[in-house]
Amino acid sequence: DSEFREALIHSDILLPDGVSMVFASWFLRGKRLRKIAGDDLFIYELTRLNHIGGKCFFLGSRETTLNLIKSRIAKEYPNVKVQTYSPPFKNNFSNSDNELMINAVNAFQPNVLMVGMTAPKQEKWAYSNLKYLKVGHVCSVGAVFDFFAGTVKRAPHWMINAGMEWLFRLIMEPRRMWRRYLIGNPRFMWLILR
């Protein structure tokens with residue numbers, strides 16, 4: 001996916017969110033990385049914004065999930081100002097869809113824009129629209145919206161620490177995750193080894 005590749009290459013920071021990425025870094029370059037999940041970044045940013053009284057915009061997911069996020073942030077991070085927008089569920093957004101999202105974000109001018117539309121859609125959207133956005137920075141965090149809202153359970157810490165979060169996600173959402181974990185990851189590992 002050349003568009004996804006371009007979005008990743010032009011990102012300021014890429015997190016090693018997965019044991020296969022950590023392995024690839026070690027195997028190909030001898031660099032030992034620690035897995036940093038989108039959830040870790042999410043909590044870090046909310047804590048930072050709470051400290052400075054900053055603003056965070058949540059773009060993506062369902063309205064019910066976004067309301068749960070707002071409610072939890074109000075309790076746990078009371079100094080964070082929050083705004084949300086739930087875009088239509090489509091593979092590709094129209095120009096008018098993009099304009100509505102951009103206008104909603106820019107009206108709020110957040111320190112941080114959290115985009116939760118699943119990969120690679122969220123990275124592509126952020127990359128192609130960044131020049132129009134009035135934001136401090138953008139974080140593409142995928143399923144973190146659901147984890148934080150409590151609509152999807154995250155793996156227990158022992159599984160995360162053992163590098164088995166993928167297995168937990170596969171068991172919890174087999175219809176959605178089987179292709180990523182049973183086809184994509186083995187293919188990625190084979191290409192790395194080759």
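1. Let's start with the core. The largest nonpolar core here has 18 residues, and the ones with the most contacts inside it are Phe 42, Leu 46, Phe 58, Ile 69, Ile 73, Met 114 and Phe 145. (A nonpolar core is a set of buried Ala, Val, Leu, Ile, Met, Phe, Trp, Tyr and Cys residues joined through side-chain atoms within 4.5 Å; buried means under 20% relative accessible area, exposed over 50% and partly exposed in between, using a 1.4 Å probe and protein chains only.) Two or more residues each come from α3 (38-52), β1 (55-60), α4 (63-76), β3 (112-116) and α7 (144-149). The largest share, 4 residues, is from α7. Those labels are DSSP runs numbered from the N terminus: helices are H or I with at least four residues, strands are E with at least two.

2. Before going on, a word on what you're looking at: this is a predicted model, where local features need pLDDT of at least 70, side-chain atom pairs count only at pLDDT 80 or more, and totals for chains, interfaces and linings use all residues. Residues are numbered from 1 along each chain as its sequence is written, and side-chain values use heavy atoms, with hydrogens and water left out.

3. Now click on Phe 145. Leaving aside residues up to four places away in sequence, Phe 145 touches Phe 42, Phe 58, Leu 59, Gly 60, Ser 61, Thr 65, Leu 66, Ile 69, Met 114, Val 115 and Gly 116. (Contact means heavy atoms within 4.5 Å.) Apart from the core in point 1 lies another one, of 13 residues, including Leu 59, Ile 102, Val 105 and Phe 108.

4. Next, the sheet. It is open, has 4 strands in the order β2-β1-β3-β4, and its pairing is parallel. (Two strands pair if DSSP finds at least two bridges between them.) At the edges sit β2 (81-85) and β4, each pairing on one side only. β1 is joined to β3 by 5 bridges, with Leu 113 as the bridge partner of Phe 57. Another 4 bridges join β3 to β4; there, Met 114 has Cys 139 as its partner, and Val 115 stands opposite Ser 140.

5. Why is β3 called largely enclosed by the rest of the structure? Because 5 of its 5 residues are buried. Val 112, Met 114 and Gly 116 are on one side, with Leu 113 and Val 115 on the other. As a rule, side chains in a regular strand alternate between the two faces of the sheet.

6. Helices lie across the strands too. α4 lies across β1 and β2, at about 175 degrees to β2, while α6 lies across β1, β3 and β4, at about 165 degrees to β4. (Axes are lines fitted to C-alpha atoms, for helices over the stretch in contact, and angles run from 0 to 180 degrees between N-to-C directions.) In α6 (residues 121-129), Gln 122, Glu 123, Lys 124, Trp 125, Ala 126 and Asn 129 are buried. The buried residues of α6 pack against α1 (2-9), β1, α5 (95-108), β3 and β4 (137-140).

7. Last, the cysteines. How many disulfides does a search of the whole structure find? It finds 0. (A disulfide is a pair of cysteine sulfur atoms within 2.5 Å.) The sulfur of Cys 139 is 7.7 Å from the closest cysteine sulfur, in Cys 56, so it is too far for a bond. Both are buried: Cys 56 has a relative accessible area of 0%, and Cys 139 has 4%.
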